[in-house]
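This briefing is meant for a reader who is meeting the structure for the first time. Please keep the sequence and the 3D view at hand while reading, and take the topics in the order in which they come.

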Amino acid sequence: MKTKNNKMKLNKPKQINHKLILQNKIKNSKMHLSRREQKRIHLLKRSSQMLPTEKCFVGNLPEAASHNDVKVPFLFCGTVVKIDINNEKKIAFVEFAKESSVEMVLNAVQNGIKFSVNGHVVAVHKFTPKAKGPNVSSLV
């Protein structure tokens with residue numbers, strides 16, 4: 001290809017933007033995603049959620065705490081979407097519909113409000129996911 005100065009212009013190979021390709025595949029739900037692509041999407045979503053999160057960590061649970069026992073104290077902060085309980089470790093993860101709900105919980109804790117499950121005071125912290133597996137940038 002020649003330019004106005006009659007010099008030959010070299011075409012550089014285009015870099016493939018894997019993130020963009022995956023985002024387009026996500027938008028077009030009719031396309032089938034391979035298992036590897038699904039894992040990439042999961043890791044990309046997880047890495048993008050590391051700062052804003054809709055989850056909070058609840059520790060020091062009483063033995064045999066049920067989902068409803070854990071859910072009730074957090075209802076005034078917002079809509080509880082999901083609760084994961086590990087009774088062996090006496091911990092739970094409470095997921096809200098909005099990040100603002102987590103901020104409300106954390107502000108309440110900061111202002112001295114104590115959350116209790118079955119009359120047992122529990123520890124509440126912001127959920128921070130631990131990085132596991134391969135680095136996300138190496139997959140993309």
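Two strands are said to pair if DSSP finds at least two bridges between them. In this predicted model, β2 and β3 run antiparallel and are joined by 6 bridges. The chain as a whole holds 5 helices and 5 strands, and its elements follow one another from the N terminus in the order α-α-β-α-β-β-α-β-β-α.

**The chain as a whole**

- Of the 140 residues of the chain, 26% count as buried, and the accessible surface comes to about 10600 Å², of which carbon and sulfur atoms make up 52%.
- When contacts between residues at least 6 apart in sequence are considered, 56% of them join residues that are at least 24 apart.

**The sheet and its strands**

- The 5 strands form an open sheet in the order β2-β3-β1-β5-β4, and their pairing is antiparallel.
- Because β2 (80–86) and β4 (115–117) stand at the edges with a single partner strand each, one side of each is left without a neighbour in the sheet.
- On average, and with direction ignored, neighbouring strands of this sheet are turned by 30° against each other.
- Strand β1 (residues 55–59) and strand β3 (residues 91–96) run antiparallel and are joined by 5 bridges; K55 has E95 in β3 as its bridge partner, while G59 stands opposite I91 in β3.
- Helix α4 (residues 99–110) lies across β1, β3, β4 and β5 (120–126), and runs at about 125° to β5.

**Loops with a positive phi**

- In general, most residues other than glycine have a negative phi.
- The strands β2 and β3 form a hairpin with 4 residues between them, and K90, which has its place in the loop between these strands, shows a positive phi of about 60° although it is not a glycine.
- With a relative accessible area of 33%, K90 is partly exposed, since that value falls between the limits of 20% for buried and 50% for exposed.
- N118, found in the loop between β4 and β5, is another residue other than glycine with a positive phi, in this case near 55°.

**The nonpolar core and its aromatic rings**

- The largest nonpolar core has 19 residues, of which V70, F74, V94 and F96 touch the most other members; the elements that give two or more residues to this core are β1, β2, β3, α4, β4 and β5.
- F74 is buried, with a relative accessible area of 0%, and, when residues up to four places away in sequence are not counted, F74 touches C56, V58, V80, V94, F96, V105, F115 and V124.
- The count of aromatic pairs comes to 5, and one of them is the stacked pair of F74 and F115, whose rings lie 4.9 Å apart from centre to centre, with 10° between the planes.
- This pair links distant parts of the chain, with F74 in the loop between α3 (67–71) and β2, and F115 in strand β4, 41 residues apart.
- F115 counts as buried as well, at 4% relative accessibility.
- Ring pairs link F74 and F115 with F76 and F96 into a cluster.

**Two single residues to look at**

- S101 lies in helix α4 and is buried, with a relative accessible area of 6%; residues up to four places away in sequence being left out, S101 touches C77, G78, T79 and F96.
- D84 lies in strand β2 and is partly exposed, with a relative accessible area of 32%.
- Apart from its neighbours within four places in sequence, D84 is in contact with I91, A92 and F93.
- The C-alpha atoms of D84 and V70 are separated by 9.7 Å, and these two residues are 14 residues apart along the chain.

Methods
Residues are numbered from 1 along each chain as its sequence is written. This is a predicted model: local features need pLDDT of at least 70, side-chain atom pairs count only at pLDDT 80 or more; totals for chains, interfaces and linings use all residues. Side-chain values use heavy atoms; hydrogens and water are left out. Axes are lines fitted to C-alpha atoms, for helices over the stretch in contact, and angles run from 0 to 180 degrees between N-to-C directions. Contact means heavy atoms within 4.5 Å. Buried means under 20% relative accessible area, exposed over 50%, partly exposed in between (1.4 Å probe, protein chains only). A nonpolar core is a set of buried Ala, Val, Leu, Ile, Met, Phe, Trp, Tyr and Cys residues joined through side-chain atoms within 4.5 Å. Accessible areas come from the Shrake-Rupley method with a 1.4 Å probe; for residues, only the protein chains shown count as cover. Rings of Phe, Tyr and Trp (its six-membered ring) pair if their centres lie within 6.5 Å; planes under 30 degrees apart count as stacked, over 60 as edge-to-face and the rest as tilted.
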